[in-house]
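Please look over the sequence and the model shown here before reading on.

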Amino acid sequence: ADYAENTWPDAVPGFRAAVETYFEEARRVAQTLTRIFAAALRVPDDYFDALTDHSIDVLRMNNYQIPADIVLDDGQLGMGAHTDYGIVTVLWADPVAGLEILPVGGNWYPVKPAEGELLINLGDLLARWSNDRWLSTMHRVVPPRDESGRLIRRRSAAFFHDGNADAVVSTLEPCRFAD
């Protein structure tokens, strides 16, 4: 095995089963999206299958809960600005403020997911495959506050579908520019 085994808490009955179910459903969403991406990029619908059949998929569960006795400096972040480097990220998050995106040439824009909805972010590999026609959005998490300025809890579950470690990534033929 290339990866360490997951460690599961014994004190929370049903936790492992629930997380494994979410992981498989998020993977199904990501695989469905890669077929849609293939069609939109004018390659066969199954093009990405051979590049993701043993994909490095990771589920990162975040709990942005800051103890009441902690004081944050202005501008201190819960997660700094970054892009996702894989193919696609499927994100579930509380309907709590905190996530912000930076459109190209724009200013930071807050994104508050609606109850029961998922957010989808393209990764840097799609920029490479599409010759930068599709870009990963720069994003960050700022500590959310209530109306009185107190820090509030924010949770998310980010499923990263990153493709096979041995996949060859190069610009797709339909996306190459003529010389």
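How much accessible surface does the protein chain have, and what share of it belongs to carbon and sulfur atoms? The accessible surface comes to about 11,400 Å², of which 53% belongs to carbon and sulfur atoms, with areas taken from the Shrake-Rupley method with a 1.4 Å probe, where for residues only the protein chains shown count as cover. This is a predicted model, in which local features need pLDDT of at least 70 and side-chain atom pairs count only at pLDDT 80 or more, while totals for chains, interfaces and linings use all residues. Residues are numbered from 1 along each chain as its sequence is written, and side-chain values use heavy atoms, with hydrogens and water left out.

The protein chain holds three helices and eight strands, in the order α-α-β-β-β-β-β-β-α-β-β along the sequence; helices (H or I, at least four residues) and strands (E, at least two) are DSSP runs, numbered from the N terminus. Of its 179 residues, 35% are buried, where buried means under 20% relative accessible area, exposed over 50%, and partly exposed in between (1.4 Å probe, protein chains only).

The second largest pocket is lined by 25 residues, of which H82, D84, T89, H139 and F160 lie nearest its centre. A pocket here is an open set of points on a 1 Å grid over the protein atoms alone, where a 1.4 Å probe fits, with protein on both sides within 12 Å along at least five of seven lines; lining residues have an atom within 4 Å of a point. Among the elements that give two or more residues to this lining are β1 (57-64), β3 (88-93) and β8 (154-161).

One of the residues nearest the centre of the second largest pocket is T89, which is placed in strand β3 and is buried, at 6% relative accessibility.

Most residues other than glycine have a negative phi. R42, however, has a positive phi of about 60°; R42 lies in the loop between α1 (15-40) and α2 (49-52) and is exposed, with a relative accessible area of 65%. D132 has a positive phi near 65°, sits in the loop between α3 (124-129) and β7, and counts as exposed at 52% relative accessibility.
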